[in-house]
Amino acid sequence: MYKEVLNNKKAVYYFSGGAISRIGDVLSGLAFLFLAYRMTDSSIQTTFVAIAETAPYLLLGLIGGAIADQVNRRNLMVIVDLVRLIILTAIIILYIQDWLAYPHLLVGSFLLQCCGCFFNPTHRAVLPAIVPEKRLSAANSVWDTIQRSASLIGPILAAWLLMHTDIVYFFVIDAVSYALSALCLSRLPTMPALEINRLSIMSLYGSISDFLAWIRNESNLIHLFMTTFFVVFFNTWVWQVGILLAFDEITHNGEAWYNALQILYGTGATMISILLPLLLKQLDMKKYILGCLIWGFGITMIGFIYMPFSFFIGAMLIGIGLPISSLTRVYLIQAYVPNTMLGKAFSSNAVLLYAANTLSLALYAVLLPFFTIRSLILISGLGILLIACFYLLRILFRNNPGV
């Protein structure tokens, strides 16, 4: 299965460009945060840099998807990579000349993520055009494995660079990665615009309106998106903040424990991404819900037992459930949405994800003074299980004749 996908030269260019730039993304993202903290010694100002990385998707996510459906997708990806190369080159020059200041970090991070609003939905929408439908599941698995591997390789490479070189090389490597990505993606076949309307503000507004009107009648996609929103909402604070705080609460070296858990999770999730197409021949909404149930059970176990060993067992379950639900969601979007609307579908999905992330972090920060860390983790796990069970029962009753 994987051999047939990797024998496709177009797919190899697609994966190569994505893999190279993904590792660079991880490095530059860490560099912006490290430099922000070094310059300001302020967790609040460092948080602003993190917000600058998420805000563009809430502002431009749908627009990026609409543009992806109205222009040549290959050319758009190459242009965006070159724009990102220019932005990073400017950051590198400012650093070398000792002119780099905190506002430059905010602007640079914001602009790079704005580029991602156009690149990411386009990149996802291209895959069905270069891989046969019967190989989409395997191709999605390859790409998911690449992303998860990059998330492991990036921090390991960052640790080595911090010990042996200057932090500017984080940006240098990312800049080179965009140049190589543009070269790889330029080897893909040309992909003419799928919508015949001339690109304009009105055409973008009309394109988004048409998609929203279309999706209102697609109950499967609406349920998929809504389930994703709530599951991600309950997961985000737990995974990004809650578990780290919990380790600090019950161990003497929370950061080391948390880093070990991240490695275990990343390894397990990568293995599941590789094995999933071999284990599950057909991906459907039931498989998506199954992944959410395993995911939610993992978080619930962490909150219920609340001991270090349960954290690692829970992380293993999350590492199984999350890739199942994530890969199934991508496949279902590709299966249900017409090719002419794939860019808008993936950008809509991204907007919901970032909205769930932002809302989760904000709301849990308000709740934290009133609840224990353990209780918030347990509530989150039970929340995921409740949402998943609700939609599972809905699917079962809907498919039951006479109900």
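**View 1. Leu152 sits in helix 6, which covers residues 136-164.** This is a predicted model, and our tour of it starts with a single side chain. Leu152 is partly exposed, with a relative accessible area of 24%.

**View 2. Helix 2 and helix 7 pack with their axes 8 Å apart.** Two packed helices are described by the angle between their axes and the distance between the axes. Here helix 2 is formed by residues 9-40 and helix 7 by residues 168-185, and the angle is about 160°. Helix 2 is therefore roughly antiparallel to helix 7, because angles over 145 degrees are classed that way. The crossing of helix 2 and helix 7 is left-handed. What classes of residue make up the contact of helix 2 with helix 7? There are 16 nonpolar, seven polar and two charged residues.

**View 3. A closer look at helix 7 shows its buried residues.** An α-helix has 3.6 residues a turn, so residues three or four places apart point the same way. The length of helix 7 can be checked too: at 1.5 Å a residue, its 18 residues should span 26 Å, and its end C-alpha atoms are 26 Å apart, which agrees.

**View 4. Helix 9 crosses helix 13 at roughly 45°.** Helix 9 runs over residues 219-250 and helix 13 over residues 342-367, and their axes come within 8 Å. That angle makes helix 9 oblique to helix 13. The crossing of helix 9 and helix 13 is right-handed. Sorted by class, the contact of helix 9 with helix 13 has 16 nonpolar, seven polar and no charged residues.

**View 5. Thr251 is found in the loop between helix 9 and helix 10.** Is Thr251 buried or exposed? Thr251 counts as buried because its relative accessibility is 13%, and the cut-off is under 20%. A polar atom of the Thr251 side chain lies 2.5 Å from the backbone oxygen of Phe247.

**View 6. Asp284 caps the N-terminal end of helix 11.** A side-chain oxygen of Asp284 lies 3.2 Å from the backbone nitrogen of Lys286. Helix 11 has 21 residues, which should span 30 Å at 1.5 Å a residue. The end C-alpha atoms of helix 11 are 30 Å apart, in agreement with that value. Just after helix 11 comes Tyr306, with a positive phi of about 55°.

**View 7. Asp98 and Tyr306 both have a positive phi, although neither is a glycine.** Most residues other than glycine have a negative phi. For Asp98 the angle is about 60°, and for Tyr306 it is about 55°. Where do they lie? Asp98 is in the loop between helix 4 (73-96) and helix 5 (102-130), while Tyr306 is in the loop between helix 11 (285-305) and helix 12 (308-336). Asp98 is exposed, with a relative accessible area of 69%, whereas Tyr306 counts as buried at 10% relative accessibility.

Note on methods: Residues are numbered from 1 along each chain as its sequence is written. This is a predicted model: local features need pLDDT of at least 70, side-chain atom pairs count only at pLDDT 80 or more; totals for chains, interfaces and linings use all residues. Side-chain values use heavy atoms; hydrogens and water are left out. Helices (H or I, at least four residues) and strands (E, at least two) are DSSP runs, numbered from the N terminus. Buried means under 20% relative accessible area, exposed over 50%, partly exposed in between (1.4 Å probe, protein chains only). Axes are lines fitted to C-alpha atoms, for helices over the stretch in contact, and angles run from 0 to 180 degrees between N-to-C directions. Angles under 35 degrees count as roughly parallel, over 145 as roughly antiparallel, 65 to 115 as roughly perpendicular and the rest as oblique. A crossing is left-handed if the near helix is turned anticlockwise from the far one by less than a right angle, and right-handed if clockwise. Ala, Val, Leu, Ile, Met, Phe, Trp, Tyr, Cys and Pro count as nonpolar, Asp, Glu, Lys and Arg as charged, and the others, Gly among them, as polar. The expected span of a helix is 1.5 Å times one less than its number of residues. A polar contact is a pair of N or O atoms within 3.5 Å; within protein, one must be able to donate a hydrogen and the other to accept it, and residues adjacent in sequence count only if both atoms are side-chain atoms.
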